[in-house]
Every structure is written in C-alpha cells, then in structure tokens.
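Here is a short report on one protein model. Look at the whole chain before turning to the details.

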Amino acid sequence: MPQIPRDKSLDSTLALLSDGYSFISKRCQRYNSDIFITRLLLQENICMQGEEAAKIFYDTNRFLRKGAMPKRAQKTLLGEGGVQGLDGDQHRQRKQMLMSLMTPQRIQQLAAITTDVWRGYIKKWENMDKVVLFPEVREILSRAVCNWAGVPLTESEVEQRTSDFGAMIDSPATIGLQHWRGRLARDRAELWLGNIIENVRKKKIEVDKEAALYVIAFHRNLQGELLDKRIAAVDLLNVLRPTVAIARYIIFAALALHEHPECQQQIQADEDNYIELFVQEVRRFYPFFPFVAARVKQEFDWKGYRFPQGMRVILDLYGTNHDARLWEQPEEFKPERFRHWDGSSFNFIPQGGGDYYQNHRCAGEWITIAIMKEALKLLTTNMRYDVPEQDLQINLSTMPAIPKSQFLISNVRQID
C-alpha cells in the first residue's frame, strides 16, 4: 500500500498562518500529490484538494464533523452545539430546519429588504467625502438580515451587533487580541439571542411564524424537546452571521467591476443571465472559505491510501476552485466560463460541496447568490461613484481576506 506523502516540517502551524489560502496547494505541488500529511498544532492531519477529494470528503458514511473543527474556530466563527458539528439523523433533522427558511419567496424577501436598506445608505454616502465600503455593507447586511429573521434590532444596537458579527468572522485564524475579540463577540451574541429566544417562547416578543427567529425558537430535536436556548442562539447565528459575511463577496464583486469595467454593460443588460455568471466567477476567483475539516468515521482505503479512524482530514476549497485540471486559466477572471460549467457539487465549492440536505454544504448559498445579484444591480444601475487611488491588494496569508483598503469610493450619486 502506498504511503501518503508527509510534509517534512515538524509542525506546520506557522506555515499555515504564513501561507494562508495557498498552504495546501503549495504542498500538493511540492509533493506532486493531491494528498499529504502534516502536523498542525502538534496533531497529524491529512490535507486534500481536487474534485475526487471533494467527492470522498462529502461521503457521510466515511466522515464525521463532530470534533473536526479546531476549538478556536468553534469559540469564534461556528459556536458549539450548532448544526455544523452534528452528524447522522441529528444533522439531517437540524439541517432540514435551516433549509426550510430557504424558500425562493423568503430569499427574495431578504434580497428586497437588503435593497431597501442599501438605497437609504446611498443617500448617506452622497454627503460623505469618502466611503469605506466594506464596513458600510456589513452594517447594511446586519440590518437587513435581522429584519428578515425577525430579530429585534434597535438603532442604538446596530453598531455593536455589526461589530460582533464581524469579529466572529474575522478571528478564527488569528492569534492574540483579535482572536479574543472574536470569542467575546460570540459570547455577547449568544447571550443576546438566547434572551430574545426565551422571550419569544414566553410570548413577550411577537414574531412572524415564518421568520427564522420563530422557526428556530420552536424547533424540536429528535427527542421532541425544544433546543436549549444557547444552542438555538448558535443556530440563529448560523443564519445571521453568514449573511453578514456576504459583505466580503460584495466587496470582491465591486473590485471585479473596477478591474473589469467591460463587464458593467453586460451586467446592466443581463442578457442570458450574465449577472449570475459574474456572481459565480467572483465566488470562484476570490478567496472566501479557505478549507473545511472532518474526521474519519471508520478506517478505510481510498486510491490505495489508508485513512485511519479519527484522523482529521482537511479539504482545500480555495485550491479546488483554482485547480487548473478543472478550470482553464484559473487565475484569470472569466465569468463566461460558467456558461459551460457542468453543475458539479464537487469541482466548484466556494461554500462547501455535496448535497444541501444531506451534507454540510452552506445552507445560505442561495442567499449569497441572491444578495450578490442585488448588490451588483445597485452598484451598476442605482448609483454612480468614483474609485480613488488606494491599495487594493489582497493578502492571501490573511484568512479571511479582503482588499487592504476595504474598497474606498467617493463622489457617490444616486441614480433613479
């Protein structure tokens, strides 16, 4: 039986922090292999990339999610006890609850709310010399998703709640003060939402029965019991936080528009659904999730390699989306490539792969696409702006990444 190539470093944690999104790809190239073993935080991990690797990774008979994500990610980004850490029937039942929120009508409602909030911000931006777009879009999405989910959000709370959502997103791969900010932000958010959920259950807060707050507050587990209010808060955050995270994709879309102005007219015309091609290419091309983790359920062999029970396996999302075997000229931004995409759930995996209902694929992926489309329409049709000179470099060693300047705009004008 062939041996999986082994990274020569005693421990690669610092290399991971240094290389960021390219960590797995660099070593796959070095060892001429889609798979290798490395030590991270003194634990051995199997790292993989590519379509075949994704197909095996999302086989629920071979992999579990429980205990796969490092504690620092659970304490900041994901929370503990939520749907991401469940397996089997528990996962399927909880995921079904989240997917019930993703009807076309509800998604379109969220997109419409986002548009309304954004239009109000255009008026504010018209009176500003310069606008740093990234924090502004985060605030827009915080307002919109809380409104849509039925979560009460007073004007005085907007800044703090937006800051907390952002800190949870920004902190899993950081060390020191920024990481602890993420932990404190999660604690605050879970306490805030836990109290709201308790008040909904006690009928002290009225909420639409189709809203995420109501659905999650009254969801019952396989034993027929209401979720602990903290666990319910974690899963409500699994609706709110990822929606706010779409701000990164919107900034990347604005950057793509700036760097490829020839696309703007095609987006405005939207012939043959061009706007969706553009959105998908933004999601493929720019860095979002770097990788995901699982643990081997029971020992098995794949392509002659042995996967020991309990071993953590890390799938490279960014590297798979830039795999030259799957994507012609992967480092070129070409929306038209998606006219001929085969629709595979394993070669295009910016927010995970596999089946939405059975696997751990992001339940909010359809929301991401809908909101990005609305944002592009607003940027190209409902407003005009200048892009002043700034540092638009994207540092791939920073996870999650964003242009250094966070995308400055000026001379904003509303177009009716």
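## Overall size

What radius of gyration would a compact globule with 416 residues have, and what does the protein have? A compact globule would come near 22 Å. The protein has 21 Å, so the two agree. Keep in mind that this is a predicted model.

The C-alpha atoms fill a box of roughly 65 × 55 × 45 Å along the principal axes.

## Fold and contacts

The protein has 15 helices and 10 strands. Now take contacts between residues at least 6 apart in sequence. Of these, 72% join residues at least 24 apart.

## Inside and surface

How much of the protein is buried? Of its 416 residues, 57% count as buried. The accessible surface is about 18,500 Å². Carbon and sulfur atoms account for 49% of that surface.

## Two packed helices

Helix 7 covers residues 133–149, and helix 8 covers residues 158–170. Their axes lie 9 Å apart, and the helices pack at an angle of about 105°. Angles of 65 to 115 degrees count as roughly perpendicular, so helix 7 is roughly perpendicular to helix 8.

Which residues make the contact? Helix 7 brings Arg-138, Glu-139, Ser-142, Arg-143 and Cys-146. Helix 8 brings Val-158, Thr-162, Phe-165, Gly-166, Ile-169 and Asp-170.

Note on methods:
Residues numbered from 1 in each chain as written. Predicted model: local features only at pLDDT ≥ 70, side-chain atom pairs only at ≥ 80, totals over all residues. Heavy atoms only, no water. Axes fitted to C-alpha atoms, helices over the stretch in contact; angles between N-to-C directions. Helix = DSSP H or I, 4+ residues; strand = E, 2+ residues; numbered from the N terminus. Parallel < 35°, antiparallel > 145°, perpendicular 65-115°, else oblique. Contact = heavy atoms within 4.5 Å. Rg over C-alpha atoms; globule rule 2.2 N^0.38 Å. Buried < 20%, exposed > 50% of the residue type's maximum accessible area, 1.4 Å probe, protein only. Areas by Shrake-Rupley, 256 points an atom, 1.4 Å probe, with all protein chains shown as cover.
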